[in-house]
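Me: I would like to learn how to read a model with two chains and two ligands. Can you take me through it, feature by feature?

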Amino acid sequence: MKILATVKRVFDTDGKPKLTADAKLDVSSIDCKLNPFDEYGVEEAVRLQEKGIATEVVICCVGPEEAQKEMRTALAMGGDRGLLVKVNDTESLDTLSIAKILAAVVKKEKPDLVILGKLSTDSENNQVGQMLAELTGLPQATFAFKLTPDAGGWAIVGREVDGGTSDVKVKLPAIITADLRLNEPRYASLPGIMKAKKKPLEITTPEALGVSVKPAIVGIGYELPPARKAGIKVASVAELVDKLRNEAKVIS
Amino acid sequence: MSNILVVAEHLEGKLRKATLPTIGFAKKAQALTGGKIIGLVLGHNAASVAAELATAGVDHVILVDSAIYADYLAEAYAPAVAEIAKVKGASIVAAPASTTGKDFLPRAAARMDAGMISDAIEVFSHNGAVAYKRPVWAGNLIARETSTSAITAVTVRMTNFDAPAAGAAAPIETISLGFAAPDDTQFLSFDRVKSSRPELTDAAAIVAGGRGLKSAEAFKMLEELADLIGGAVGASRAAVDSGYAPNDWQIGQTGKIVAPGIYFAVAISGAIQHLAGMKGSKVIVTINKDGEAPIYQISDYGLVADAFKAVPELTAALK
Ligand SMILES: Cc1cc2nc3c(=O)[nH]c(=O)nc-3n(C[C@H](O)[C@H](O)[C@H](O)COP(=O)(O)OP(=O)(O)OC[C@H]3O[C@@H](n4cnc5c(N)ncnc54)[C@H](O)[C@@H]3O)c2cc1C
Ligand SMILES: Cc1cc2nc3c(=O)[nH]c(=O)nc-3n(C[C@H](O)[C@H](O)[C@H](O)COP(=O)(O)OP(=O)(O)OC[C@H]3O[C@@H](n4cnc5c(N)ncnc54)[C@H](O)[C@@H]3O)c2cc1C
């Protein structure tokens, strides 16, 4: 079985974002990293390879040349090779554009399983996997916390959904999006990092894949959410109850 | 035509409350675009859901009743939603930002070649076009976006729109689409967390616990407090990962987004991913033994105390 695992280079959202005078995001001092959700996807692919279920794992990213760094981070966890679809200004692409590019990659690579993260931690769309499934005509199992391929060419996927969990069975090839309880991603080992440097990493372009995209969603600026102020500390449960009843009036 | 299609969410013959703020969103969008609000029910033996939806503030209801919608599958929903959007001239297709809406709507959007907005918290007019606001960066940034496609798909954050007032019953139209059931996917099971408490997303009070509670057993004291004040119980990701609480209780970037009147954060440190899910609460109360925990920076009332002592004391005081 061949697995395609996607990775996105995201902005590190731990720091507080700053805005420019024209309401754009000031990214000058923000670091980039591998999207955390994609670490779970890559880990799952690597585990399936270690179990002998997957024969090849390809790491794919749509992004600028600098994204090779995040791809090497993923390749240090495992996998055989990388495929970067070079787009300098990924910020101008919407989810459907990304999904169209990835659909062309799926057509070219013909994986049996595509594993994406369920969400990017910076732009938080939670759409690309589902769109890719439609564009490729493949079944989808999103928000996966459990993935078990069977011998008959299907996989059973446990999904985290509102109200509990749900199991679905999808016929391979299929599209999976990873949630955070799917596994625990490994830290890349030193030998892993050394090996990753030598793994083949092919660079292509949307044009070479035969896709031209025109994003439908256009960003028109950002704003900061209203700040919450720190309140007070109370000294005892009795004081807390008094405040809740008589000041905030949220409890009777 | 520029109608607004709202895809209803339902469970066991009842409309899910998550649908109502989505209709609230549709009303605001309608003020900008005109057209009708059309509610869509995909289900099996779902006439009761359609009847409920008819009085929930929509102008028109479409019921597509077929065995292929008996168990929810994105592969069955997406073509139906896209087809109805087309024949009914929708310019906006909206669904709740629930795990169901997030699952099928991007798939339907791709089928309609539509741009999609996730988790809309506001809809407004920008240079004559419909524009949306949505939180990104774990809630620390709000993005404003517009769409240039003929149809725009939108999932709606439940906490940011009110349910419209109930109205006179809208007409119900039954349509059959004749799609075949998908043959490359099967629904197997839904393991539901049974609870008599209100749902997190519309609870007026929430008592949430974190890793500091150290066991599932310790969550019992939160449940007792929640039951006393008619609230729901929530958890941090660390508490869920540790097996102290079911996944359905998780609040935050990867869990539920909540905005109750009062939120008790018990033994939760206040990581940005947790705050992303509960910052919209009206009053936040923190109980943590570490007075420096970041959660105090957004709390209205903080009590620096051992939860094992303070929570039972609080419950007793409120009895
Ligand atoms: C400063 C800034 C400005 C932006 N401006 C715009 C704008 O004007 N319009 C707009 O539509 N978007 C804009 N974006 C969003 C950006 O282009 C998104 O990367 C893109 O829309 C994909 O959305 P997502 O990553 O949130 O998708 P999600 O659906 O959340 O991603 C889910 C998964 O899909 C996969 N995936 C996503 N992207 C890639 C990728 N590039 N390569 C490989 N796999 C991937 C990953 O596995 C990921 O875990 C902006 C972002 C930033 C930071
Ligand atoms: C991509 C991503 C997504 C995430 N999504 C989410 C999400 O949706 N929701 C979420 O919650 N987290 C999420 N997280 C995890 C988040 O970063 C934190 O790790 C998590 O919220 C920590 O949970 P906690 O506060 O319970 O645990 P800790 O940070 O370990 O805090 C425990 C707290 O308990 C206090 N404590 C200990 N004992 C007692 C006692 N006896 N009495 C009182 N207080 C006590 C301690 O002082 C401490 O402040 C995400 C992380 C990532 C990377």
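This is a predicted model: local features need pLDDT of at least 70, side-chain atom pairs count only at pLDDT 80 or more; totals for chains, interfaces and linings use all residues.

Me: What is the area buried between chain B and chain A?

Reply: The size of an interface is often given as the accessible area lost when the parts come together. Here that area is about 7100 Å². Carbon and sulfur atoms give 54% of it.

Me: Which residues of chain B lose the most area to chain A?

Reply: They are B:Trp137, B:Arg144 and B:Tyr301. Together they account for 13% of what the chain B side buries.

Me: On to the ligands. Which residues are closest to ligand 1?

Reply: Begin with the shell, then look at its closest members. Ligand 1 is surrounded by 30 residues. The closest are A:Thr6, A:Asp38, A:Leu93, A:Ser120 and A:Gln127. By class, the shell divides into 14 nonpolar, 11 polar and five charged residues.

Me: Which elements each supply at least two residues of that shell around ligand 1?

Reply: In chain A, they are strand E4 (56-63), helix H3 (95-109), strand E6 (113-117) and strand E12 (217-223). The largest share, four residues, comes from E12(A).

Me: Which polar atoms lie by the nitrogen and oxygen atoms of ligand 1?

Reply: A polar side-chain atom of A:Ser120 sits 2.6 Å from a ligand 1 oxygen atom. A polar backbone atom of A:Glu91 is 2.9 Å from a nitrogen atom of ligand 1. At A:Glu124, a backbone N or O atom lies 3.5 Å from an oxygen atom of the ligand.

Me: Where does ligand 2 lie?

Reply: Check which chains flank the ligand. Ligand 2 lies between chains A and B. It is surrounded by 30 residues, and the closest are B:Arg211, B:Ser236, B:Thr254, B:Ser269 and B:Asn288. The shell holds 11 nonpolar, 13 polar and six charged residues.

Me: Which polar backbone atoms lie by the oxygen atoms of ligand 2?

Reply: B:Arg237 has a polar backbone atom 2.9 Å from an oxygen atom of ligand 2. For B:Gln253, a backbone N or O atom is 3.1 Å from a ligand 2 oxygen atom. For B:Gly255, the distance is 3.5 Å, again from a backbone N or O atom to an oxygen atom of the ligand. Taken alone, ligand 2 exposes 980 Å², and the protein buries 83% of that. Elements giving two or more residues to its shell are helix H1 (36-50) of chain A, plus helices H6 (237-241), H7 (272-278) and H8 (307-318) of chain B.

Me: Last, the backbone. Which residues does a cis peptide bond join?

Reply: Look at omega. The cis bond joins A:Leu172 and A:Pro173, with omega about 0°. A:Pro173 sits in the loop between strand E9 (164-171) and strand E10 (174-178) of chain A.

Methods:
Residues are numbered from 1 along each chain as its sequence is written. Chains are lettered from A and ligands numbered from 1 in the order in which they are written. Side-chain values use heavy atoms; hydrogens and water are left out. A residue is near a molecule or strand if one of its heavy atoms lies within 4 Å of it. A polar contact is a pair of N or O atoms within 3.5 Å; within protein, one must be able to donate a hydrogen and the other to accept it, and residues adjacent in sequence count only if both atoms are side-chain atoms. Accessible areas come from the Shrake-Rupley method with a 1.4 Å probe; for residues, only the protein chains shown count as cover. Ala, Val, Leu, Ile, Met, Phe, Trp, Tyr, Cys and Pro count as nonpolar, Asp, Glu, Lys and Arg as charged, and the others, Gly among them, as polar. Buried area is the accessible area (1.4 Å probe) that two parts lose on being put together, summed over both.
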